[in-house]
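User: Please take a close look at one part of this model, the ligand site and what surrounds it.

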Amino acid sequence: MKNIIQIKTQNKNYSIVVEENSIIPFIKIEKKSKKKIFIIIDKKVKYILKKLEINKNINIIKINGSEKIKSINYYWKIISLLLKLKIDRSSTLIAIGGGTVGDLSSFVASTILRGIRFVLVPTTLLSQVDSSIGGKNGINTPNGKNLIGTFFQPDKVIIDPKVLYSLSKRELKSGYAEILKHSLINDKAFYKWLIKCHRNILDLDKKYITKAIVKSIRIKAKFVHLDEKETLINPSSRAMLNFGHTFGHALETMNNYNTTLTHGEAISIGMAFAAKISYKIKNITEFEYNKIVGHLKIIGLPHHDKRINSNKIYKLMQSDKKNTEEKINLVLLKKIGQAYFERGLDKERIKKLLN
Ligand SMILES: NC(=O)c1ccc[n+]([C@@H]2O[C@H](COP(=O)([O-])OP(=O)(O)OC[C@H]3O[C@@H](n4cnc5c(N)ncnc54)[C@H](O)[C@@H]3O)[C@@H](O)[C@H]2O)c1
Ligand SMILES: [Zn+2]
């Protein structure tokens, strides 16, 4: 079955297509346009890579997807290679890979020759439900995650749930963390469905995985429609999608973006902390808080990190893009299925609430 989600933003309307076996047919159609096609592909997406390599007239750049490639060095390497291969303003860049390949490629596409046509083909669960939607890209700096980047909507997104078969269980769970996030911030019924059906989803049962992906995309798309450039500070703000991310990004930065924690694992810990604060200030009940943490445990996602007491993590949280001066703004739960911005928290108050 084919699901199409239309995304409308200020200067671009495009579609996200969720359909099995949709990648190669899409590329065949692209090839007919006679314009130059450049593909940046994660080496681990072997099945698609093999099929592409048979083609002589496509420029393929193979890359090892990981947080390491979201760096100024890799950005420069890719830009230099594309210019050497004579990319021009009518060319199309197609990114096939997880969130790291997508974030780097989108930043490249938005800046090379002042922006070229760009298609995203996300191949991890995390990128299919989250990072390929909404047009944010970015690379990391020692001062924090995603601190260099642009808003750049793709021209199309092609999602094939079948590519997830080769993904490790650990990466599947990481993607599940973002699905859970979408339910917690926006849709209680979806949250209840996840609690009931998580096994079928993680077993990649066709009906369930497709529903989880499509539902997640619709929730994210709603926030993108309401607030594309994240300028609002109310519950319609796109910033709600950062639930769990202020702590999560700080943990990733503390780890120097190594593989100790995946992005999904880091935000899982971040969501558990944000849920705890939401409970301590009486927005949600102790039962609801325990249910969230219990669910993370059942899935096999982490929910605690002892560095939460260190001063460094608070310094890093203050350098998060959402924060101003010394205060920390956190996205918390008003209730299950609704998030809001709690502004101007200070370090001592957060520490007290968490202990
Ligand atoms: N732009 C946004 O709005 C946004 C939103 C959420 C997350 N992100 C970013 O996304 C990144 C995380 O993305 P990710 O979790 O996809 O990480 P990733 O790109 O590192 O992929 C995870 C691992 O899966 C492998 N892989 C990819 N596709 C595969 C497949 N089909 N089969 C087997 N292995 C495969 C990769 O090689 C890598 O080892 C983070 O940098 C995060 O900041 C961006
Ligand atoms: Zn995320």
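Which polar side-chain atom lies 2.7 Å from a nitrogen atom of ligand 1?

Analyst: The model is predicted: local features need pLDDT of at least 70, side-chain atom pairs count only at pLDDT 80 or more, and totals for chains, interfaces and linings use all residues. Residues are numbered from 1 along each chain as its sequence is written, ligands are numbered from 1 in the order in which they are written, and side-chain values use heavy atoms, without hydrogens and water.

The atom belongs to S166, at 2.7 Å from a nitrogen atom of ligand 1. The protein covers 91% of the 880 Å² of accessible area that ligand 1 has on its own (Shrake-Rupley method, 1.4 Å probe). On the oxygen side, a polar side-chain atom of D42 lies 2.7 Å from an oxygen atom of ligand 1, and an N or O atom in the side chain of K44 is 3.0 Å from an oxygen atom of ligand 1.

The shell around ligand 1 has 26 residues (a heavy atom within 4 Å); D42, G99, T100, T124 and S166 come nearest. Domain 1 (3-166) and domain 2 (169-354) each give at least three residues to this shell, with bounds from an automatic or database domain assignment. Helix 6 (169-186) is one of the elements that supply at least two (helices are DSSP runs of H or I, at least four residues).

E178 lies in helix 6 and H263 in helix 10 (residues 263-280), so the pair ties together parts that are 85 residues apart in sequence.

Key
A polar contact is a pair of N or O atoms within 3.5 Å; within protein, one must be able to donate a hydrogen and the other to accept it, and residues adjacent in sequence count only if both atoms are side-chain atoms.
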